[in-house]
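Subject: Handover of a structure

Dear colleague,

Please find the structure below, together with its sequence.

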Amino acid sequence: MSKGDHPKGQRYLPSVCVARSPSRWINIESLNPDQSSLSSRLEPDALKGIQTHRVYFRTARQSIRKEKTLEMVVVAPNWGIFKMKTEKTFFTQKNRSQPECPRLAVTLGDPAGIGPEVILKALADPKVTNNCEITVIGSPSLLQTTYTQLRQTLENQEALVDPEHLSIVDIELDKLIEHQITAGVGTAASGAASFAYLEKAIAGTLAGEFDGIVTAPIAKSLWKAAGHDYPGQTEVLAKYAGVERFGMLFVARSPHTDWLLRTLLVTTHIPLCQVPDTLTPELMSKKLDLLVECLRVDFGVETPRIAISGLNPHSGEQGQLGREEQDWLIPWLEQERLSRPKLRLDGPVPPDTLWVKAGQAWYGSSIQDPTSQIPNLPDAYLALYHDQGLIPVKLMAFDRAINTTIGLPFVRTSPDHGTAFDIAGQGIANATSMKAAIQLATELVNQRLRTV
Ligand SMILES: NC(=O)C1=CN([C@@H]2O[C@H](COP(=O)(O)OP(=O)(O)OC[C@H]3O[C@@H](n4cnc5c(N)ncnc54)[C@H](O)[C@@H]3O)[C@@H](O)[C@H]2O)C=CC1
Ligand SMILES: NCC(=O)COP(=O)(O)O
């Protein structure tokens, strides 16, 4: 590499080179500045899922050739972070001393629900918008209508951002169906619109325009009415991103004690009667893997303590009240303890008592001293099915919990609440959870850039 190759005529000093497959970041190696080809040094394992054997590093400008799914990021002490998303079109440079500003796509969700309202409220708060670059994926005219209507009902005019001040990607489909959208009345048209917003956000993110997606709520039944048969946004994100290993994690910070509640659901949107047969040791291990990786990469918890729920009342009471614990859950857990000696795995904890400590940690263990420490608090909870995990989460933190999809090659967060058609258009929707979702997405993008 000659000196003149660099745009500023200086030697380019990369320190770390990372490749991203559709499902995960792979740290290939520390890079010697004089090395012109990486191909011979890629570990066979690192090539799994990546359709390339020709990865070149030459100069900062003409840095990396890649094929479809591979993204290279070079972190150079002198030059900040360089990303090469496609050979021809995308090249960003930021100075390390000015940290990268996460670029987030915020989807409108079902336009007949409270999505537009909580977005306008959240984006009026500088604490939410100061540290990230937001692009709303939706419809400018629909947001303008929501804004005009809500201004008539809200006393505090400052509480809404004027859509004129937002960067909004308009969705063509919206123009055809927009006139059918009425606040509070979910229809196949609003379902179609919310699906189109999500698709657009995913496409933009995979093309390198955004670092993460924050989704407002959609109604799954209206997606189905519009011809999109998915159990939720999570599954669409995973499918379009090409990942099979993903999970639904709920995160909430206590306003009383600052404690962070993290709950991963092993099964999600399936009928309750299918839960026992869907749960298997393989599925448990897959979700545990994801949780451990997420705690390390996203939250900096290296050796977590994880509490794992039982399935039956009193975790089956030695088989008297259900056999899953005896038959495979306890043996699986014993095996995991042997193979992951650094982790602390509690359980299977009877589901009714699993959340007692969480409640104390959330509200404060004693009235005199709400911040006093509770011993042996888990870093995360593994709940076996949707309502087992979400009843306690919503009981404690409905106004502020965040749903985040882990295992994706980009950040995705969402408020924990749904479309709330019953209150849409009234100006009374609480935007705290949407604010928290945007703030967490910003933190997670920053955290991933730091760990690159
Ligand atoms: N991330 C997503 O896309 C989610 C979508 N949903 C979908 O939302 C639809 C409605 O679900 P529900 O079970 O009724 O839950 P919901 O969260 O929409 O509403 C439950 C209750 O909480 C109230 N509520 C919800 N969010 C609120 C807010 N921000 N401020 C004040 N009050 C609020 C509602 O008015 C309602 O009384 C369903 O189709 C469901 O699938 C539900 C949860 C998450
Ligand atoms: N109960 C959580 C929920 O419905 C969120 O679903 P998703 O749209 O994020 O997949």
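Of the protein's 452 residues, 41% count as buried. A residue is buried if 20 or more other C-beta atoms lie within 10 Å of its own, exposed if 12 or fewer, and partly exposed in between, with C-beta atoms placed from the backbone. The model is predicted: local features need pLDDT of at least 70, side-chain atom pairs count only at pLDDT 80 or more, and totals for chains, interfaces and linings use all residues. Residues are numbered from 1 along each chain as its sequence is written, while chains are lettered from A and ligands numbered from 1 in the order in which they are written.

The secondary structure comes to 13 helices and 16 strands. These are DSSP runs numbered from the N terminus, with helices (H or I) of at least four residues and strands (E) of at least two. Two residues are in contact if their C-beta atoms, placed from the backbone, lie within 7 Å. Among contacts between residues at least 6 apart in sequence, 68% join residues at least 24 apart.

The core

In soluble globular proteins, nonpolar side chains tend to be buried together. A nonpolar core is a set of buried Ala, Val, Leu, Ile, Met, Phe, Trp, Tyr and Cys residues joined through C-beta atoms within 7 Å. The largest such core has 101 residues, among which Ile 119 and Ile 438 touch the most other members. Helix H5 (residues 188–206) gives the most to this core, namely nine residues. At least three core residues come from each of domain 2 (99–243 + 410–452) and domain 3 (246–407); the domain bounds come from an automatic or database domain assignment. Leaving aside residues up to four places away in sequence, Ile 119 touches Val 106, Leu 108, Val 136, Ala 216 and Met 434.

The ligands

A residue is near a ligand if its C-beta atom, placed from the backbone, lies within 6 Å of it. Ligand 1 has 18 residues around it, of which Pro 217, Ala 219, His 417, Gly 418 and Asn 430 come nearest. Its shell divides into eight nonpolar, eight polar and two charged residues. Around ligand 2 are Gly 232, Gln 233, Thr 234, Leu 390, Asn 403 and Ser 414; by class, one is nonpolar, five are polar and none is charged. Here Ala, Val, Leu, Ile, Met, Phe, Trp, Tyr, Cys and Pro count as nonpolar, Asp, Glu, Lys and Arg as charged, and the others, Gly among them, as polar.

Helix H11

Helix H11 (residues 356–363) has Ala 358, Ala 361 and Trp 362 as its buried residues. Seen down the axis of H11, these fall within an arc of 100°, so they line one face of the helix; the arc is that of the directions from the helix axis to the C-beta atoms. What covers them includes strand E11 (260–265), strand E14 (380–383) and helix H12 (386–397).

Backbone exceptions

Most residues other than glycine have a negative phi, and most peptide bonds are trans. His 314, which is not a glycine, has a positive phi of about 55°; His 314 counts as partly exposed because it has 15 C-beta neighbours inside 10 Å. Asn 376 also has a positive phi, near 55°, and lies in the loop between H11 and E14. A cis peptide bond, with omega about -5°, joins Gly 347 and Pro 348.
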